[in-house]
There are 2 protein chains.
Amino acid sequence: MDSTVAFRLSSLAAVVTDQFAARIEVLGLKPRHADLMAAVAGGAPRSQQDLARTLGVAPSLIVALADHLETLKALQRVRDPRDRRRQVLTLTRRGRTLLAACTAHARAVDADLTARLVPLERDMLHHVLGTLAPGRAEPQPPARTRTRTRTPAQTRPSA
Amino acid sequence: MDSTVAFRLSSLAAVVTDQFAARIEVLGLKPRHADLMAAVAGGAPRSQQDLARTLGVAPSLIVALADHLETLKALQRVRDPRDRRRQVLTLTRRGRTLLAACTAHARAVDADLTARLVPLERDMLHHVLGTLAPGRAEPQPPARTRTRTRTPAQTRPSA
DNA sequence: CTAAATGATTCAGACCCTGTATGTTTAGTT
DNA sequence: AACTAAACATACAGGGTCTGAATCATTTAG
């Protein structure tokens, strides 16, 4: 049990999340807010429904998170003129600054966490987590070419 | 942000924990119960206070978890004769069976999770998480010959 | 022998999240 | 054009998990 990846992963994540939460608390943010900002910042502007799906949470939670970020002047809600049901979320300048601060804190946690690892292990961990992280679920190209189940990933552990 | 270990770790753990929770639900257990059983099973019998510290939760939560496991006949509370304030928790036969089932489910989740990894990556991930997992804060022998439980030393991220 | 400390327990409440109900806007059908 | 169904954002109530404070029992210290 203690030796399973699932168990170790969960235990570790609990600690890491707590550390991250403690760090960004002074910014008036919780990890969920950082999650949302990161999702908003990535790629094209998106609706709240869309973001809810990406984060794997209920749409009503996005409302609450966005409300808070809005009071912090970190993001703006703008009605999509093409579809006025939608609220398009975009980060403000302040939002981008806050997100950058969160990223810095996350990296600090990383450094702390992986301090006991040799560089090789650090890279490997980073790379493997990148492969496994949700959302990165390689949209299996409906290809006919046999799914290359064991093919080593091409991507380098980039920063 | 999305590229930090902390972020990826948390995202992944959320998914993994949900999968594990879904699997052990039929056993009448939640992940926390499995956590507690694992802690109880490991090493010498311990008091609830002690277990609370190990799991990093409030003692009052141990009470609730132990209550539930007791109704399942999975564990026993016995007053420590040497210090009658303490309740010593021990798994029953049924508890050990349940824990074994949880372990099996965790391994199944592992298999599913790491299906897309090369064997080398799997071992590395397992090993690194073992190093980092809380409670395993082992004083690191200076360098070189790391605990080579399994992981071969020479490894490239993209083998 | 009294006072402080430790352990288990109960309980109230905080926090996070979901599901449902509602109003608005869009899309589809006739 | 009118009507219906679907999609979106939102408000709100409630569930689940966890903590902190209060309580009782037992042990330890002075």
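Two residues count as in contact here if their C-beta atoms, placed from the backbone, lie within 7 Å. Keep that cut-off in mind as you move through this predicted model.

Select Met37(A) and show what surrounds it. Leaving aside residues up to four places away in sequence, Met37(A) touches Leu69(A), Ala74(A), Leu91(A), Gly95(A), Leu98(A), Leu99(A) and Cys102(A). As background, nonpolar side chains in soluble globular proteins tend to be buried together.

**Stop two: the strands of chain A.** Colour residues 75-80 of chain A, which form strand 2, and then strand 3 of chain A; the two pair in the antiparallel sense over six bridges. Follow the chain from one to the other and you will trace a hairpin, with two residues between strand 2 and strand 3 of chain A. For a landmark in this pairing, pick Val78(A), whose bridge partner in strand 3 is Val88(A). Next, select residues 46-47 of chain A: this is strand 1, joined to strand 3 of chain A by two bridges and antiparallel to it. Here Arg46(A) stands opposite Leu89(A) of strand 3.

**Stop three: where the chains meet.** Show both chains and highlight their contacts: 47 residues of chain B meet 51 residues of chain A. On the chain B side, the elements giving two or more residues are helix 1 (5-24), helix 2 (31-41), helix 5 (93-113) and helix 6 (119-132). Start with helix 1 of chain B, which supplies the largest share, 13 residues. Colouring this side of chain B by class gives 28 nonpolar, 13 polar and six charged residues.

**Last stop: DNA strand C.** Select the 20 residues around DNA strand C, and look for those that come nearest: Ser60(A), Arg84(A), Ser47(B), Gln49(B) and Ser60(B). Two or more residues come from each of helix 4 (59-71) and strand 3 (83-91) of chain A, and helix 3 (48-55) and helix 4 (59-71) of chain B. Helix 4 of chain B gives the most, with four residues. By class, this surface divides into eight charged, six polar and six nonpolar residues.

How values were computed
Residues are numbered from 1 along each chain as its sequence is written. Chains are lettered from A and ligands numbered from 1 in the order in which they are written. This is a predicted model: local features need pLDDT of at least 70, side-chain atom pairs count only at pLDDT 80 or more; totals for chains, interfaces and linings use all residues. A residue is near a molecule or strand if its C-beta atom, placed from the backbone, lies within 6 Å of it. Ala, Val, Leu, Ile, Met, Phe, Trp, Tyr, Cys and Pro count as nonpolar, Asp, Glu, Lys and Arg as charged, and the others, Gly among them, as polar. Two strands pair if DSSP finds at least two bridges between them.
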